[in-house]
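I opened a new page for one protein chain. The entries go from the whole chain to single residues.

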Amino acid sequence: MGFILIYSTWHFPSIGDPNQPASLHVSPRYIEKTIEETKVPNAVTSVLADYRGYDTMFETSVIFTAGVAVMMLLRRRKNG
């Protein structure tokens, strides 16, 4: 299984390749349509807040829940 995973990475585009799919299809759309669709001048903010809003919200919820769980596990209790 490990060999198959490593072998499949040889077919990935190299890092920074301007001809990779994300550079050809996704990025130009965000750059061209961000102000029109979101009215936010900063492209990074519009992607995180508007296009990926639910994803960002649930990531934040997971991190918050993990933090609360760690605090509950590490708190000290007073013995009566």
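Below are my notes, in the order in which I looked things up.

**Ground rules.** I am working with a predicted model, in which local features need pLDDT of at least 70, side-chain atom pairs count only at pLDDT 80 or more, and totals for chains, interfaces and linings use all residues. I number residues from 1 along each chain as its sequence is written, and side-chain values use heavy atoms, with hydrogens and water left out.

**Elements.** I looked up helices and strands, which are DSSP runs numbered from the N terminus (helices: H or I, at least four residues; strands: E, at least two). I found four helices and zero strands in the protein. Read from the N terminus, the order is α-α-α-α.

**Overall form.** For a compact globule of 80 residues the value would be near 12 Å, but the protein has 21 Å. Along the principal axes, the C-alpha atoms fill a box of roughly 65 × 45 × 15 Å.

**Surface.** I used accessible areas from the Shrake-Rupley method with a 1.4 Å probe; for residues, only the protein chains shown count as cover. The protein exposes about 7,400 Å², and carbon and sulfur atoms supply 67% of that. I call a residue buried under 20% relative accessible area, exposed over 50%, and partly exposed in between. Of the 80 residues, 5% are buried.

**Charges.** I counted Lys and Arg as positive and Asp and Glu as negative, leaving out His and the chain ends. Each charge is placed at NZ of Lys, CZ of Arg, CG of Asp or CD of Glu. The protein has 8 positive and 7 negative charges, and their mean positions are 21 Å apart.

**Salt bridges.** Side chains of opposite charge can pair when their charged atoms come close. My rule asks for a side-chain nitrogen of Lys or Arg within 4 Å of a carboxyl oxygen of Asp or Glu. I count three salt bridges by this rule.
- Arg-29 and Glu-37 form one, at 2.9 Å from N to O. Arg-29 is partly exposed at 39%, and Glu-37 is partly exposed at 39%.
- Arg-52 and Asp-55 form another, with the closest N and O atoms 2.1 Å apart. Arg-52 is partly exposed at 34%, and Asp-55 is partly exposed at 34%.
- Arg-52 also meets Glu-59, at 3.6 Å from N to O. Glu-59 is partly exposed at 40%.

I noted that Arg-52, Asp-55 and Glu-59 are linked in a network of salt bridges.

**Aromatic rings.** Rings of Phe, Tyr and Trp (its six-membered ring) pair if their centres lie within 6.5 Å; planes under 30 degrees apart are stacked, over 60 edge-to-face, and the rest tilted. I count three aromatic pairs. One of them joins Tyr-7 and Trp-10, with 5.4 Å centre to centre and 75° between the planes, so I list this pair as edge-to-face. Phe-3, Tyr-7 and Trp-10 form one aromatic cluster. Are Tyr-7 and Trp-10 exposed or partly exposed? Tyr-7 is partly exposed at 40%, whereas Trp-10 is exposed at 59%.

**A backbone angle.** Which residue has a positive phi although it is not a glycine? I found Lys-39, with a phi of about 65°. Lys-39 lies in the loop between α2 (21-38) and α3 (43-51). At 65% relative accessibility, Lys-39 is exposed.

Conventions: Buried < 20%, exposed > 50% of the residue type's maximum accessible area, 1.4 Å probe, protein only. Rg over C-alpha atoms; globule rule 2.2 N^0.38 Å.
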